[in-house]
Amino acid sequence: MDFLSGLNPEQHAAVTLPKQSALILAGAGSGKTRVLTTRIAWLISTGQVSPHGILAVTFTNKAAKEMLLRLSTMLPINIRGLWMGTFHGLCNRMLRAHHREAMLPQTFQILDSADQLAALKRLMKVLNVDDEKYPPREIQNFISNSKEQGLRAHEVETFDPYTRRKVEIFAAYDEQCQREGIVDFSELLLRCYELLARNQLLREHYQARFHHILVDEFQDTNRLQYQWLKLLTGQHNALFAVGDDDQSIYAFRGANVGNMQELTRDFHVQNVIKLEQNYRSHANILDAANALIKNNRSRLGKNLWTSENKGEPLRVYEAPTDAEEARFIVDEVRQLNREGIHLAEMAVLYRSNAQSRVIEHALVSAGVAYRVYGGLRFFERQEIKHALAYLRLVQNFDDDNTLLRIINFPTRGIGARTIEQLQETARTQNVSLWQAAKQTGGKVTTFVTLIEMMASATKELPLPEAIDHILLHSRLLVHYQNETGIKQREAQERLENLNELINAATLFVHENEDDSLTSFLTHAALESGESQAEANVDALHLMTVHSSKGLEFHTVFIGGLEEGLFPHHNSRMADTGVDEERRLMYVAITRARRRLYLTFAQSRMLHGQVNYNLMSNFLRELPEELLHWITPRITARNSFSSSAYSSAHPPSINMEGLGRGKGIGAQNAPWHISQAVHHAKFGEGVIVNIEGGDSDLRVQVNFRTTGTKWLALEYAKLTPL
Ligand code: ATP
Ligand code: MG
């Protein structure tokens with residue numbers, strides 16, 4: 001068993017634990033996934049269990065594939081009987097096998113969340129529910145949240161008529177799904193849970209079958225998933241969970257780190273094994289990660305070390321603009337590639353999907369192959385396609401496919417029947433759908449008028465403004481702004497992407513002589529299709545930090561390290577606060593094996609406007625001696641040391657009185673845009689705008705904690721930093 005030889009004593013102990021439930025609590029890169037796969041190989045090759053007796057759960061399909069691959073390099077096995085997959089995948093498999101007991105047709109269909117919403121709307125219409133009072137999305141979230149807590153309609157507590165009505169809709173929705181033989185995502189989990197809960201024979205069958213249940217990334221399991229695991233684990237089988245509380249990054253989807261403590265109690269875990277040696281990264285990278293995560297308040301606590309040498313310092317780059325930041329990253333990637341590092345050994349990580357656009361653009365221009373991983377390339381995203389569809393239709397009314405894409409998106413009450421009739425008319429008269437639409441009355445006419453008005457309104461406008469007009473009047477922005485609950489986070493991303501489209505257009509106009517809409521659309525079509533690298537081509541990885549969990553690369557770039565971006569401004573409001581953002585940053589740093597770049601930009605385009613952000617606090621939490629500044633720390637706003645903040649008596653310039661009278665105007669005030677400042681009440685921030693002069697000078701400051709505020713200088717206590 002060669003595969004055991006490289007393990008350290010703790011890993012070895014974990015891999016060869018006797019059959020008992022166990023929790024391996026260990027930091028990033030300490031070999032958790034390796035231990036879990038090696039344990040499977042060890043159990044099988046020592047004859048303790050056949051592949052048939054193993055159930056292994058991981059977080060993504062990609063991780064499951066990776067696990068199978070690692071396993072098959074350790075020992076040749078027939079994996080047919082092995083159950084390895086995601087929670088959803090495994091529940092699906094079980095429900096198919098026992099569809100009768102689960103009261104489902106064998107061919108039950110799975111609804112994705114858009115389908116689910118459509119089904120719900122259809123139902124609410126039949127039930128005559130006022131969708132202003134009960135927005136379908138809110139009902140959808142209500143249903144999913146209840147299910148993920150393991151609750152059916154009749155189990156939800158109701159204290160008021162409003163909730164009672166929601167519960168009625170929930171019940172009717174479940175009946176409709178049952179009638180039609182369809183299952184939504186959370187239903188997969190709940191139905192499978194109930195199947196096992198209610199059916200003792202079946203439960204005992206699986207408990208006897210799966211001698212060993214193994215879970216990777218346990219810190220991100222939610223309530224229902226945990227309960228499901230509990231049902232599958234009986235008297236005689238064992239649950240082996242590995243996880244890292246410091247990498248819990250799905251609290252917004254109901255992940256519950258508390259499950260770790262519960263596990264030790266519920267499963268009578270004798271001792272929690274800790275792995276503390278990190279094998280992934282050079283010491284400087286690991287020290288940076290450790291220093292950062294120390295700032296989190298509630299941690300289970302562990303100490304990661306490595307026997308690796310210190311390696312290089314972390315490279316910090318401050319770019320004047322986001323475009324420069326992208327250019328720097330691409331240059332470094334090319335240089336490293338010339339030095340022999342495969343593109344696939346490098347990754348660019350970002351907090352929000354919208355950030356990929358500038359980087360993609362720079363990569364396309366430089367001809368570097370890349371792959372956007374775990375997400376869509378910018379121009380392939382749903383919301384971008386919708387927005388482009390409006391632009392396209394405004395250009396060419398007779399583009400049928402485009403018309404179909406948006407005729408009822410955002411919903412404007414044009415149903416499937418009407419669309420069928422339109423298609424029928426178009427067919428019989430041999431005209432385009434647009435022509436057919438013009439002959440139709442009712443809501444279709446409203447759509448036709450909308451598009452015609454957009455066409456004439458945008459004809460004379462510069463491209464970015466034309467796009468702005470269309471986003472507004474198509475109601476795409478409102479559509480995503482109105483999302484609530486779980487979907488809100490996704491919608492927030494979509495809104496950021498739509499804003500990013502305006503940036504793309506602004507840049508396009510700046511860079512091209514032919515700045516017509518048609519040429520922009522051609523550009524978009526090309527950027528969306530051509531440059532994604534083929535499967536077998538060496539290509540750079542681009543992904544959000546969320547999708548990088550569990551992966552590792554020789555070189556990692558973390559871009560956009562700015563306050564408001566990373567940590568994301570949403571975290572100011574969320575209950576999990578900045579701690580979850582810090583865990584994300586911890587995940588990002590610990591993906592790097594040898595080289596880590598941390599970059600940020602002084603100014604960034606957002607909604608066609610330039611924004612000035614402060615350097616991310618996370619960067620400041622890293623020990624200075626681990627960093628190598630590629631750009632000198634020259635700009636005023638970043639040149640102060642952190643002690644300057646905490647000093648009890650900062651050199652204060654009292655502006656009171658100075659604004660009045662003569663001499664202090666926008667021109668000769670000590671203030672300029674992008675300057676870092678400190679305010680007695682609001683803390684530190686950066687000046688983003690200055691207005692007025694002499695007596696009415698006002699400055700707009702983007703504060704780290706409270707966001708953007710206008711200040712009249714007479715009353716403001718501002719200190720330059
Ligand atoms: P994450 O928290 O990011 O999911 P992890 O704890 O699952 O990380 P692994 O991915 O299993 O860590 O391991 C990290 C790296 O260290 C891998 O390249 C793995 O092969 C290597 N590694 C783990 N244990 C050892 C060991 N004993 N000797 C040499 N290399 C090891
Ligand atoms: Mg792992």
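Which residues are the closest to ligand 1, and how many residues surround ligand 1? Good morning, colleagues. In this predicted model, local features need pLDDT of at least 70 and side-chain atom pairs count only at pLDDT 80 or more, while totals for chains, interfaces and linings use all residues. Residues are numbered from 1 along each chain as its sequence is written, chains are lettered from A and ligands numbered from 1 in the order in which they are written, and side-chain values use heavy atoms, with hydrogens and water left out.

I begin with the ligand. Ligand 1 is surrounded by 19 residues, and the closest are Gln11, Lys32, Thr33, Glu552 and Arg591. A residue counts as near a molecule if one of its heavy atoms lies within 4 Å of it. By class, this shell holds 10 polar, 6 charged and 3 nonpolar residues. For these classes, Asp, Glu, Lys and Arg are charged; Ala, Val, Leu, Ile, Met, Phe, Trp, Tyr, Cys and Pro are nonpolar; and the others, Gly among them, are polar.

Where does the shell come from? Helix α3, residues 32–45, gives the most to it, with 3 residues. Helices here are DSSP runs of H or I with at least four residues, strands are runs of E with at least two, and both are numbered from the N terminus. Domain 1 (2–98 + 190–275) and domain 3 (287–375 + 535–633) both give residues to the shell, so ligand 1 lies between them. These bounds come from an automatic or database domain assignment.

Next, the polar contacts, which are pairs of N or O atoms within 3.5 Å. A polar backbone atom of glycine 29 is 3.0 Å from an oxygen atom of ligand 1. In the side chain of lysine 32, an N or O atom is 2.6 Å from an oxygen atom of the ligand. For glutamate 552, a polar side-chain atom lies 2.5 Å from a ligand oxygen. Of the 640 Å² of accessible area that ligand 1 has on its own, the protein covers 86%; such areas come from the Shrake-Rupley method with a 1.4 Å probe.

I turn to the cysteines. The structure holds 0 disulfides, a disulfide being a pair of cysteine sulfur atoms within 2.5 Å. Cysteine 91 is in none, and the nearest cysteine sulfur, that of cysteine 192, is 3.9 Å away. Cysteine 91 is buried, with a relative accessible area of 0%. Buried means under 20% relative accessible area, exposed over 50%, and partly exposed in between, with a 1.4 Å probe and protein chains only. Cysteine 177 is also buried, at 6%.

Now to the backbone. A cis peptide bond, with omega about -5°, joins phenylalanine 409 and proline 410. Proline 410 is in the loop between α17 (400–406) and α18 (416–429). Another cis bond runs from phenylalanine 566 to proline 567, with omega near 5°; proline 567 sits in the loop between β13 (553–558) and α25 (577–589).

Two residues other than glycine deserve mention for positive phi. Methionine 103 has phi near 60° and is found in the loop between α5 (87–97) and β4 (109–111). Glutamate 217 has phi of about 50° and is in the loop between β6 (212–215) and α11 (223–232). Are these two buried or exposed? Methionine 103 is exposed, at 52% relative accessible area, whereas glutamate 217 is buried, at 12%. Thank you.

Note on methods:
Polar contact = N/O pair within 3.5 Å; in protein donor to acceptor, adjacent residues only side chain to side chain.
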